[in-house]
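Here is a short briefing to read with the model open beside you.

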Amino acid sequence: MAAVVTATAATVMTVGTAGVAGAAPRQADGLSPDILAIMGKPAYEHAQWGLLEIDDTTGEVIHSQYPNQFFIPGSTAKIVSVSGTWHALGGDHRFTTPVQAVGGRSGSVLDGSLVLVAQGDLTMGGRTKPDGSVDFTPIDHTYADDVPGATLTPEDPLAGLDEIARQVRAAGLTEVHGDVAIDSRLFTSFPGLDPSPTPLIINDNLIDLLTTATTPGQPAELSWRPQVAPYQVESTVQTVAAGGTTDITVTASPDGTHITLSGTIAADAQPTLRVSPVQDPDAFGRTALIEALARAGVTVTAPPTGPNPSGLVPASYDGTERVAAYVSPVYAQYARLILKVSHNLGANLGICLMAVAAGSHQCEDGFAGIRDFLTQAGIDPTKVQLLDGRGGNPVDRVTPDVENEILHYWQGTPEAARFREALPILGVDGSLASACAGCPTCPGKGKVWAKPGSVIGLDAVNQRLAVGAETLGGYLDAGHGRLHTFYLAVNGASTPDIITFFDVLNDLNRIAGLLQEQAEARP
């Protein structure tokens, strides 16, 4: 998933049809009649199909349609960006976020400031399970305003800050006669990255707003998190009769700290999640840390709310005392989150992290990391065009060939299984969890590991949805310990509305499942 304008598992961008011409071949490459029937549906009358399937062991090309032609990738671009970040950092890389005591210390009293040095940790413990893995749900909360059914993981989004606060107290500090600051000098983003990463990220820089129906005619219940001053939330959402309309609108003050929900929720509706962005992540993080310190028994004399006092950040931490450090899960777990739920912020963050790994503080320098990865893997980098990490920029393009080459590369590394398992599994988890809904004989269930991508927008001329791209790339279980790599794309389809758009999603999932069954049946 990558780009949408209304409720789909994707992000927001309006695009037109693909920049490729010509009708898809209807009799080509030995494709089975059931696959050709899908490709021949009216939705694809003016569309371009691309497909490349390769036996990963022998290198035999099983199916090939326009393998070297550019296609709009949608979120399958994340296969490229995550691969680059994984290569630059290493799958076992952990982010260590330190807190330094700046000033003089006398026993349990610090006469100075605590400075949290942000390190680009994507979750800061907010999704970390007891076993060290990173939690996710099939439809992530970051999509709550676009996709029905988004849900929350149970972990506390402030868990990392609470752990830091406990460490500060364990280090013997009980009073800070000064302030708390966030050092966010790690990197600077640029306008091409949307959503824009920040060095400190708490709860994906979002406030979660969960509305639960009560009795018809009564106010709905509201819960929200993380609750950090000065954020205030109020709701006028009313519960209406079962079968009624659920329509909840979220508005916020310019600084994002005063949030209002209005509208209705049906009495028989599931709890409905919405989100509101944190406009100033550094100020938010500073206040959240001061509040966490208070919970841990450490008092700070400075007011807890207000702007981040970046002027207190020293030029160097030489001679300062480290009083806490939060250590993240391994990067492979973050890659799994990004790929499983199509986490756009995490994918864009990877661009910045590659820049940092190369010694730069400018995120745009991170694209060189993708080029370096492709070059060392023996892959022609000109088969990729990207201006972000998530697959949402109008210039983004990939060829089916380059996606297969990347997938093949990982199979030749010690990370092969970990990379493959990081992808959504058809009918099982992540973005493909519901791929087999209503299909008891779902082909390929549990045997296709693949990243989907979507780019849709309004066709105002014909008052329908233009599917700029629907894509799917990954691995097919070919049986007997064999795998096939594949990349499937259609650019330039169209559908009457959002409901029929999901038919396009299901068409690609079904084609992948049929390819898997046919691969497994090969001698």
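A contact here means heavy atoms within 4.5 Å. This is a predicted model, in which local features need pLDDT of at least 70, side-chain atom pairs count only at pLDDT 80 or more, and totals for chains, interfaces and linings use all residues. Residues are numbered from 1 along each chain as its sequence is written, and side-chain values use heavy atoms, leaving out hydrogens and water.

**Gln333**
- You will find Gln333 in helix α5 (residues 331–341); helices are DSSP runs of H or I with at least four residues, strands are runs of E with at least two, and both are numbered from the N terminus.
- Gln333 has a relative accessible area of 19% and is therefore buried, a term for under 20%, with exposed over 50% and partly exposed in between (1.4 Å probe, protein chains only).
- Leaving aside residues up to four places away in sequence, Gln333 touches Gly132, Ser133 and Val134.

**Helix α3**
- The twelve residues of α3 (residues 159–170) should span 16 Å at 1.5 Å a residue, and the end C-alpha atoms agree, being 16 Å apart; the expected span is 1.5 Å times one less than the number of residues.
- Gly160, Leu161, Asp162, Ile164, Ala165 and Val168 are the buried residues of α3.
- Their cover includes β5 (94–106), β6 (109–117), α4 (281–296) and β17 (321–330).
- Just after α3, Gly172 has a positive phi of about 100 degrees.

**Strands β9 and β15**
- Five of the six residues of β15 (residues 272–277) are buried.
- β15 runs antiparallel to β9 (residues 206–212), joined by six bridges; strands pair if DSSP finds at least two bridges between them.
- Asp208 has Val275 of β15 as its bridge partner.
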